[in-house]
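Hi,

Here is the structure I promised to pass along. Have a look at it first, and then read on for what turned up.

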Amino acid sequence: MEGKQHGTFQHRRLNSLEGKVFLLGAMMILVIVTSSVSWFGYLRYECVGCPPSDVRRLQSSSHTFVSKVTAPFQTAKSSLSTSGCSIPRFRNDSRPGELDMFCHRPEPSKNACRAAEEYFEGKEPGKCGGQYEEICTLEFEDRRLSCHQESCPNGVFVLGTFAEDKGRFIWYPLPTAKRVAAKFNDNLKNRDPSVALGLAFIQCRVKITFKALTKNARNQKKGILQGGEVRSQQLLVFPNLTRTIGITGGTGAATNLSINILLIDSVSHSHFYRTLPLSVEKLRKMDRDERSRLLVFNYDRMHSLRARTFESLQVLMTGLFSDIPSALPVRPFLEAVKRKGYDILWYEDVCWHYQWGISRYFDFKKKRSSMDIRWKALRKAVSSYHIDDLGVSMASCEMFRSNDVINPFHRKDICYNGRQHHWYILEYIKQVQSLYHRTGRPFFQFTELNVGHDEDGLRIKTLDTDLANYLEHLSTFDNILTMLLADHGNTYTPYAMNEEEGRLEKYHPVFFLLAPRNIEDIVGRSGIEGLTVNQDRLISFLDVHLMMRHLIDDGSSKKPIDPRLSGYDHQARGLLDPVSSSRTCGSLPRFPGAECICRSSSGGFATTDDSRHLILADFGLGFLNNRIQSQVESGQAGEETAAVVRSCQNLLGTSIDRVIETEGTRNGTEIRMRIFVRPGKPFTDTDGFSVVFLVSRAESTVSVDWYERVSVYGRYGACADQQVEEGLCVCDVSKNNTPRKPLPIVPDDYPKIFNHTSKRKDVSECLSIMERRRETGTVLEGLNRCLNVTVEFEVHGATVNVASTSKLPARYIIRGNQSLFLVAFLAMGDREDWTVSYNVSVISG
């Protein structure tokens with residue numbers, strides 16, 4: 001069936017547009033940066049009349065767009081007043097290099113300070129219920145266990161030890177406290193594999209007999225022992241260096257300086273000072289004490305790459321800034337670490353087979369594979385990455401099961417036997433470091449704590465006492481270089497969502513460096529000067545990596561830097577040399593969505609009711625919806641005419657805010673905004689995305705340069721389509737992800753988009769064009785009303801003083817009962833007159 005639909009309209013503005021009007025260019029689809037970027041499926045277009053080389057099909061392609069930012073400043077002038085409170089400082093005195101800094105962090109306004117007080121001060125985090133109960137006592141020095149019969153009256157003792165060949169704990173019912181101690185001590189003495197990892201759980205179970213529980217133990221599955229009621233439980237940590245040292249080989253120690261990275265997820269510079277007063281005071285005390293074995297450096301202009309962990313770790317641990325890989329490409333760096341003679345220790349507070357943490361970093365998790373297969377893959381990955389110990393990391397799965405959660409991200413607290421999860425990790429690494437100190441053998445340790453990754457910013461307070469104690473432990477060593485840092489600030493708190501200062505804090509993580517006083521013997525006087533001066537200069541994870549690479553120095557520090565990073569300002573020794581005082585955000589590796597923490601002179605928030613911005617928002621929303629549809633189609637086999645079955649809904653725009661226009665960004669203009677959409681059931685709040693549009697005056701183009709979910713999306717995990725990026729989906733949680741046929745589209749009931757009604761134009765029996773006109777342009781959306789018919793059609797157009805987001809003519813395909821965003825037209829420049837005419841020709845369907 002063929003049909004044509006023509007549309008012509010002219011517009012004369014009575015008043016000049018306030019502000020700037022930007023030129024948009026012809027563009028169909030730009031593939032943008034996400035954690036895993038691909039464009040699939042049936043969405044395609046052909047340039048009618050173009051040479052064969054210009055005919056494109058966007059199918060099964062993958063591309064990453066990373067641009068260096070060259071503008072002096074990248075974020076609009078902050079509306080934060082300098083008359084408010086101050087950004088916290090470690091010391092009150094000025095330091096060399098501070099006054100000549102080109103990057104100045106805007107001071108929070110009084111309103112921002114009041115908001116921070118309202119959100120965080122006087123509010124307590126979740127607390128562990130009950131007191132710590134000691135069923136058994138393990139002596140650190142002689143490693144002998146003694147257990148207390150009175151700790152389990154009328155109950156059955158259970159000992160859980162880790163089976164490294166199976167990747168889970170095996171549970172042994174035992175009738176008396178003496179039997180528990182005897183079995184444990186014998187295993188430890190004989191170096192039985194069950195205690196090699198340095199972990200053991202002990203339980204007291206009641207309401208079941210020893211005989212019945214023993215019978216259940218013979219049939220335990222997946223590391224779970226059924227039966228009875230757990231009255232009390234205890235986790236013992238006892239790292240075993242006879243098992244750990246040199247597991248993956250190495251050529252012998254060539255240094256006695258150990259490197260210790262403690263990464264606390266989602267803690268900004270300001271939030272560290274705001275919520276961890278005991279730890280701050282401990283650091284200041286160490287800094288003031290001339291007898292202290294450690295020098296303390298606090299870098300108050302640390303800039304993150306993005307408000308996500310993986311990308312930050314990629315630069316920190318690899319020095320690479322490129323396509324988002326399936327695994328953290330850290331093997332070459334760890335191989336250099338191993339050649340230097342270090343033992344490599346990797347600890348975290350995430351269950352080993354969860355989708356984040358080592359499962360994501362080392363990419364061993366295979367969908368729909370058994371736990372046995374996953375565990376074998378992990379052991380292979382650990383060997384391949386030269387990791388000598390995962391130790392306490394392996395306790396997380398059982399601790400989460402005890403708390404009825406699968407991850408540490410969304411609970412007020414994660415407790416075990418009256419103690420926070422992080423207490424066990426810090427206790428384990430304290431013991432590890434003490435044992436290594438006795439051997440004189442160096443270690444490279446990475447520890448990640450997710451206690452700061454929550455939805456109200458309060459849980460981090462539970463870390464304060466334990467972190468202060470750990471810092472006191474570190475102060476006793478003179479051969480450990482410690483980096484205490486975060487990957488970014490908190491992303492999902494109301495403060496980060498609603499306050500401009502909270503938004504900036506997302507990209508301003510905390511960073512302390514604790515160096516032995518004798519570090520000068522290794523880095524020289526110039527190295528100390530670099531570490532000192534750079535405390536007030538704009539730095540990034542690349543500077544930290546280059547410093548580590550120099551300290552490791554197996555010759556790799558003399559190798560050329562990754563070409564994709566060579567254009568960014570850097571020093572060969574990273575933080576050990578003074579970085580430029582004229583650095584700007586454009587000098588750093590940074591994803592487009594990461595806002596600059598430096599003050600800018602580009603103006604503040606633009607209005608949110610400007611029709612130009614609403615047209616851009618409509619275009620951005622259409623881009624995301626097309627992406628969802630294409631990803632769903634790519635995962636469903638069958639006839640192309642069949643209506644697609646999906647759970648993820650089309651995103652329906654409700655409002656926009658925080659519109660920032662920045663001139664001079666990457667040879668054009670950057671427009672960023674937050675776009676809010678209707679939530680899925682049963683939620684009543686809004687979901688949101690941060691979207692960055694890049695406008696090139698030279699090329700007369702506009703593109704969606706970046707997007708990122710700025711609301712919690714994990715809540716839709718139960719109903720999201722597997723093919724769709726997890727950060728894109730909004731769905732009805734009550735229906736899970738059960739496949740179901742879509743309801744017929746009713747054009748007359750088509751929802752409003754940003755409170756704007758679409759005008760319907762029927763082109764054929766199946767195809768309708770939904771048009772939304774505004775003062776400065778219009779957008780077109782295609783709608784296939786037929787359930788099992790695919791429509792193919794072309795859009796031709798002519799414009800005066802208008803730019804479009806798609807090159808016309810363009811060809812489109814829409815499957816049954818689906819919609820597709822087609823094109824946005826926007827008036828250019830300061831012209832008073834603009835005209836658009838278009839026609840639609842149906843080719844088939």
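By class, the residues around the largest cavity split into six nonpolar, two polar and seven charged. Keep in mind that this is a predicted model.

That cavity has a volume of about 130 Å³, and it is one of nine in the structure that reach 30 Å³ or more. Its lining is made up of 15 residues, with Arg503, Lys506, Glu595, Arg674 and Ser690 lying nearest the centre. Two or more lining residues come from each of α14 (494-498), β17 (653-665) and β18 (668-677). The largest share is that of β18, which gives three residues.

Now for the sheet. It is open, has six strands in the order β9-β15-β14-β8-β13-β10, and its pairing is mixed. Ignoring direction, neighbouring strands are turned by 10° against each other on average.

Inside that order, β8 (residues 258-264) and β13 (residues 443-449) run parallel and pair over six bridges.

Helix α8 (residues 331-339) lies across β10 and β13, and runs at about 130° to β10.

Cheers

How values were computed:
Residues are numbered from 1 along each chain as its sequence is written. This is a predicted model: local features need pLDDT of at least 70, side-chain atom pairs count only at pLDDT 80 or more; totals for chains, interfaces and linings use all residues. Side-chain values use heavy atoms; hydrogens and water are left out. On a 1 Å grid over the protein atoms alone, a cavity is a set of points where a 1.4 Å probe fits but cannot get out, and a pocket is an open set with protein on both sides within 12 Å along at least five of seven lines; lining residues have an atom within 4 Å of a point. Grid points are joined across faces, edges and corners, and a volume is the space filled by probe spheres set on the points. Helices (H or I, at least four residues) and strands (E, at least two) are DSSP runs, numbered from the N terminus. Ala, Val, Leu, Ile, Met, Phe, Trp, Tyr, Cys and Pro count as nonpolar, Asp, Glu, Lys and Arg as charged, and the others, Gly among them, as polar. Two strands pair if DSSP finds at least two bridges between them. Axes are lines fitted to C-alpha atoms, for helices over the stretch in contact, and angles run from 0 to 180 degrees between N-to-C directions. Contact means heavy atoms within 4.5 Å.
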